[in-house]
Amino acid sequence: MRLLHTQTYELKTFTQDIPPYAILSHTWGEEEVSFRNITDREARNKLKGWSKVVNYCRRADRDGWNYVWIDTCCINKNDTTELGEAINSMFRWYEEAQVCYAYLADVPPLYRSTDRDVKSYPWVWHFRSSRWFTRGWTLQELLAPSFLLFVDCSWGTIGPREEYASEIHKATGIRFKHLRDFRSCNLATKLSWAANRETIREEDRAYSLLGILGVNMTLHYGEGKRAFVRLQRELIRNYYDETILAWGKTSYARKIFNDIPGDVKDDPSIFATSPEMLVHPKSMVTWPFEKRRRGFTIANAGVYINAEVIIFPKAIREREDLYAIKLNCSWVLSAPKSPMMLLLRNPSSNITRALSEKASVSFQRAGDIVTQWNELDSMSWENLGKHDILIREDAEKKIKVTVREYNVVLRGSAENPVSSIGISPKFFCKDPRTQKWKVPTSKHGSFKWPNYHLPRDEALVDKIEIRIPGEIFGYSVGHRGDIYQHRLSLTIVLKCTPRSLSFGIWEDGSLDVTDTEMMNKLLQSDEDEPFPQVVKLPSNHAIRVTATPRLDVSTTSRSFDLAITLEDRHSDRDPPPLGPKWIL
């Protein structure tokens, strides 16, 4: 641990016998002093953040502290090993500090400001709306220290944490008793405190909670929201607290069944992807509804749990069974206590038989709603007994096939036998995060294109008919000089996934697009080998489908030009485009 001397501004490293020290909690500003330039007097004096370090040291020195710690310059952030160790140790450093100064740079001195804008609002409004209460890392800095002292923008004393507990509760939602003993809270409550707090790096929303939750994790910057999922998996390994599974939107009575997605692919993961998903209008408390439950364990595929399985026959859209298990937690104000319910689904038709035979059965979460048993017990249900079940982390996805038919007519002449067609439907990425593809309404001649979406994990099957000039096949010219057209029916398949775009072309008749099982096997087959992209024709010609990535300036997202071309297999010239041209 490195500490900064309050008079000499020199860093000193301690491995044991650490002297008493003060620690700073603040929000980062412009040109903060880093570990690299703290020893360079000329460089640090030019930085705007140097005045913060100087004023902090002066305040601590005036209060009798010889050493202080500040995260900007006491950690070498260029050393990833040291950074990871510091993040996992930071909570303990704040906890062991003799005093923590919470510097509120945007809060004026208490009752002494003459600024007109400041005087127009009550002082407590400035306190509650301070940026300090909106940052991710300051949450652990609020809870960890044994003594926390708020200071204003001029480093004057505001007061200790406990004195402003009421205002802190209004700003953060943390109750006074939890300021004194946050360890008595359940996991869902602790995670919900991080809601609406901001961090520069998305992964820090999870890493900033490690100390509060009492777990350690390796840091993988670049994993995004996966960090918050990894945090929940680590919590399940270390705690038996089922509130971590009771996240979602509150729903009541029969409205619950209508809130569940009709399509399995729309179901969420068993884990929340952000702290906002664990915020409830009512506080939650653990409650031992099933005292003999063995608890749950984490696995690669999801979460294993031993619980009574309840079935609600044909509850989802009156055609699919809904399952549920009771969690050992409840709303605080629920009287009498009623367990929270985790709603599940399993599209398999043999699940009841599997449960009766004590076979391993997996479920997936049904929808993103949360409710209590007293909202469901009036429905038609049956208890299937206690079983060991696997709740999958992610729902199994199946490719949905959409079939649309249209004709493409190519007109040519002897001099220009093949030309581009005039129809050019444009697909573009409306929202890169959801990977939804939309085609706008357009009209060319007698053709009118409808609006529809091609979401991820879906496929579009287009049947097209191409008329190719007869001379390519050696056909004779009519008595009026017209070229007889050769009609060729093809089927094009576009499959969009979050990571890739697969496309292929087949002669019509080789695919039965109405056979859902066969089409699903085809769409899954591209995991082993690519779709065919060429259809051979007589006279050494071929029809090829190609895709070229480009940047769509209008949407600032990556897109693809998908084109059908006619190839002369004996020619070195570039093939002329047949069209149509999709922008994906």
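A residue counts as buried when its relative accessible area is under 20%. This is a predicted model. Phe 150 has a relative accessible area of 0%, so Phe 150 is buried. Phe 133 comes out at 4%, so Phe 133 is buried too.

Now the rings. A pair of aromatic rings is described by the distance of the centres and the angle of the planes. The whole structure holds 21 aromatic pairs. In one of them, Trp 132 and Phe 150 have ring centres 5.6 Å apart and planes at 85°, so this pair is edge-to-face. Trp 132 sits in the loop between α5 and α6, while Phe 150 is in strand β6, 18 residues away. Both Trp 132 and Phe 150 are buried.

Phe 150 also pairs with Phe 133: the centres are 6.3 Å apart and the planes at 50°, so that pair is tilted. Phe 133 belongs to the loop between α5 and α6 and Phe 150 to β6, so the pair ties together parts 17 residues apart in sequence. Ring pairs join these residues with others, including Trp 123 and Tyr 164, into a cluster.

In soluble globular proteins, nonpolar side chains tend to be buried together. Here the largest nonpolar core has 114 residues, and Phe 150 is among those touching the most other members. Helix α3 supplies the largest share of this core, seven residues.

Last, the sheet. What is the order of its seven strands? The order is β2-β1-β4-β3-β5-β6-β7, in an open sheet with mixed pairing. The edge strands are β2 and β7.

Note on methods
Residues are numbered from 1 along each chain as its sequence is written. This is a predicted model: local features need pLDDT of at least 70, side-chain atom pairs count only at pLDDT 80 or more; totals for chains, interfaces and linings use all residues. Side-chain values use heavy atoms; hydrogens and water are left out. A nonpolar core is a set of buried Ala, Val, Leu, Ile, Met, Phe, Trp, Tyr and Cys residues joined through side-chain atoms within 4.5 Å. Buried means under 20% relative accessible area, exposed over 50%, partly exposed in between (1.4 Å probe, protein chains only). Helices (H or I, at least four residues) and strands (E, at least two) are DSSP runs, numbered from the N terminus. Two strands pair if DSSP finds at least two bridges between them. Rings of Phe, Tyr and Trp (its six-membered ring) pair if their centres lie within 6.5 Å; planes under 30 degrees apart count as stacked, over 60 as edge-to-face and the rest as tilted.
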